[in-house]
Amino acid sequence: AERIQGLYLDGRRDEARAAVPDDMLDAFTVAGDAPAVGERLREIARAGVTTLVLRGPAATDPRHVALLRELAPA
């Protein structure tokens, strides 16, 4: 993470992006169809996460927000 941050802060954003390993990306993102997203949200909740940060279309489209609320565990 420090290497990625250093590259990014040095203005080497393409290198920073390329340095992110797939398993790190998978650990910090939720993507896929509704069943896959629902399962991932349940996994995250079981790990103790109580707050999500939305970016991209999910953050600005009311339909995405509503669907995420539906899929999120109570």
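These legends go with a few close-up views of a predicted model. Residues are numbered from 1 along each chain as its sequence is written. Local features need pLDDT of at least 70 and side-chain atom pairs pLDDT 80 or more, while totals for chains, interfaces and linings use all residues, and side-chain values use heavy atoms, with hydrogens and water left out.

**View A. Inside the largest pocket.** Here we look at a space of about 770 Å³. A pocket is an open set of points on a 1 Å grid over the protein atoms alone, where a 1.4 Å probe fits, with protein on both sides within 12 Å along at least five of seven lines; lining residues have an atom within 4 Å of a point. The volume is the space filled by probe spheres set on the points, which are joined across faces, edges and corners. Of the 25 lining residues, Phe 28, Thr 29, Val 30, Val 53 and Leu 54 sit closest to the centre.

**View B. Who builds the pocket lining.** Helices H3 (22–28), H4 (34–46), H5 (57–60) and H6 (62–71) each give two or more residues, and H4 gives the most, with 5. Helices are DSSP runs (H or I, at least four residues), numbered from the N terminus. By type, the lining splits into 19 nonpolar, 4 polar and 2 charged residues. Nonpolar covers Ala, Val, Leu, Ile, Met, Phe, Trp, Tyr, Cys and Pro; charged covers Asp, Glu, Lys and Arg; the others, Gly among them, are polar.

View C. Arg 17 and Asp 14 pair up at 2.8 Å, N to O; a salt bridge puts a side-chain nitrogen of Lys or Arg within 4 Å of a carboxyl oxygen of Asp or Glu. About one helical turn separates the two, because they lie 3 residues apart in H2 (residues 13–19).

**View D. Arg 12 and Glu 15.** The closest N and O atoms of this salt bridge are 2.7 Å apart. Glu 15 is partly exposed at 40% relative accessible area, and Arg 12 is partly exposed at 37%.

**View E. The salt-bridge network of Glu 39, Arg 42 and Arg 46.** Salt bridges link these three residues. Glu 39 and Arg 42 meet at 3.3 Å, N to O, and since they are 3 residues apart in H4, about one helical turn separates them. Glu 39 is partly exposed at 30%, as is Arg 42 at 34%.

Notes
Buried means under 20% relative accessible area, exposed over 50%, partly exposed in between (1.4 Å probe, protein chains only).
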